[in-house]
Amino acid sequence: MNQLRGNQGPRYRHEAGESAPFAVIRVEKLTPIIGAEIGGVDLSMPMDDVVFGEIQRALAENAVIFFRDQRLTPRQHLDFGRRFGALHIHPAAPHEAGEPALMKIHADRNSPRANGEGWHSDVSCDEEPPMGSVLYIKQCPPHGGDTLFASMYAAYEALSERMKAYLDGMVAEHDGEEVYRGTYANFGVTDKPVYPRAEHPVVRTHPVTGRKALFVNRGFTRRILGIPRDESEAMLRYLFDLAENPLFQCRFRWSEGAVAFWDNRCAQHRAMWDYWPHTRSGNRVTIKGDRPV
Ligand code: SIN
């Protein structure tokens, strides 16, 4: 993707590389930049290495992938996540009884909020933020409840060369305190004495693709270190606005039994709570990741 400025043409020009054909799964891109629907896979079945490899590749090429019409038991959902790595336990959110790795994603007429209403990368306040998240929606509202996803590769590639040089080596603080304290009281969750806080590079290199991605988000990133506070605030405002540009986004319309698998290392997401007083309900399994570099 090249970035063009001023009156030279579109601000972002995506040069789509040709993807090699997939042998088993079907991959239908939602946009040239991010998101693809995957067909030909039943996630409840044990997955052979060919399908596993193709799913990994589809995720690497699209940052978020979607599977429709799945029927997963909690065990099958957890097993699917475990195929990609050890599971992450959320520092605050409620989970299903006896299954700390099976997070509840639920909003109904009595909810004070829904999960993930602002742009974020999951738990980026952890020292080792999750690599990916697998959300299975079991109950949908009649309309709405979509999730938006944005490519942080595209956001990075859209920066000017001068801005890339300025951000090179910069570190930002991510803090879970404001996000989590009191947030899940309606689920009966008692607050912890402290929530995670971590420092991460503003631009990270994806360990699988080797591509650079912007790694600041409005949800968790509080300040850029080593520059004056007003400069940090102005810079983060600029970067958040850029990261949330609709040019880099896809929007997924859920159906019951759909699964989304997103890569938190190169994508942010935001859930729309536009369906009150209806119910939207499911579970998320989250996969551990590495310290960003
Ligand atoms: C989240 O995991 O941030 C919630 C996403 C969603 O409910 O669509």
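This is a predicted model: local features need pLDDT of at least 70, side-chain atom pairs count only at pLDDT 80 or more; totals for chains, interfaces and linings use all residues.

My entries follow, one topic at a time.

**Helix α1.** I started with the length check. Helix α1 runs over residues 49-62, and at 1.5 Å a residue its 14 residues should span 20 Å. I get 20 Å between the end C-alpha atoms, so the two agree. Next I looked up which of its residues are buried: Val 51, Phe 52, Glu 54, Ile 55, Ala 58, Leu 59 and Asn 62. Looking down the axis of α1, I find these buried residues within an arc of 165 degrees, so they line one face of the helix.

What does the buried face of α1 pack against? I listed β3 (26-29), β4 (36-39), β5 (64-67), α2 (74-82) and β16 (258-263).

I also checked both ends. At the N-terminal end, Asp 48 caps α1, with a side-chain oxygen 3.0 Å from the backbone nitrogen of Val 50. After the helix comes Ala 63, and its phi is positive, near 70 degrees.

**Phe 84.** I found Phe 84 in the loop between α2 and β6 (95-96). Is Phe 84 buried or exposed? Its relative accessible area is 15%, and the cut-off for buried is under 20%, so I count Phe 84 as buried. Beyond its neighbours within four places in sequence, Phe 84 is in contact with Phe 52, Ile 55, Gln 56, Phe 261 and Ile 287. Of these, Phe 52 and Ile 55 were already on my list of buried residues in α1. I also took the C-alpha to C-alpha distance from Phe 84 to Met 47: 11 Å, for a separation of 37 residues in sequence.

**Asp 263.** This residue sits in strand β16, and β16 is one of the elements that the buried residues of α1 pack against. Asp 263 counts as buried, at 1% relative accessibility. Which side chain does the Asp 263 side chain make a polar contact with? It is that of His 206, at 2.7 Å. Leaving out neighbours within four places in sequence, the contacts of Asp 263 include Leu 59 and Ala 63, along with Met 131 and Gly 132.

**Ser 151.** I placed Ser 151 in strand β9 (residues 147-151). Ser 151 is buried, with a relative accessible area of 2%. Its side chain reaches two backbone nitrogens: that of Ala 154 at 3.1 Å and that of Tyr 153 at 3.3 Å. Sequence neighbours within four places aside, I have Ser 151 in contact with Ile 33, Ile 34, Phe 248 and Cys 266.

**Ligand site.** I have Thr 147 at 2.6 Å, Arg 284 at 2.8 Å and His 120 at 3.0 Å. Taken alone, the ligand exposes 260 Å², and the protein buries 99% of that.

**Helix α6.** I repeated the length check here. The 15 residues of α6 (residues 229-243) should span 21 Å, and the end C-alpha atoms are 21 Å apart, which agrees. Its buried residues are Ser 232, Met 235, Leu 236, Leu 239, Phe 240, Leu 242 and Ala 243. They cover an arc of only 160 degrees around the axis, so I put them on the same side of α6.

How values were computed:
Residues are numbered from 1 along each chain as its sequence is written. Side-chain values use heavy atoms; hydrogens and water are left out. Helices (H or I, at least four residues) and strands (E, at least two) are DSSP runs, numbered from the N terminus. The expected span of a helix is 1.5 Å times one less than its number of residues. Buried means under 20% relative accessible area, exposed over 50%, partly exposed in between (1.4 Å probe, protein chains only). The arc is that of the directions from the helix axis to the C-beta atoms. Contact means heavy atoms within 4.5 Å. A polar contact is a pair of N or O atoms within 3.5 Å; within protein, one must be able to donate a hydrogen and the other to accept it, and residues adjacent in sequence count only if both atoms are side-chain atoms. Accessible areas come from the Shrake-Rupley method with a 1.4 Å probe; for residues, only the protein chains shown count as cover.
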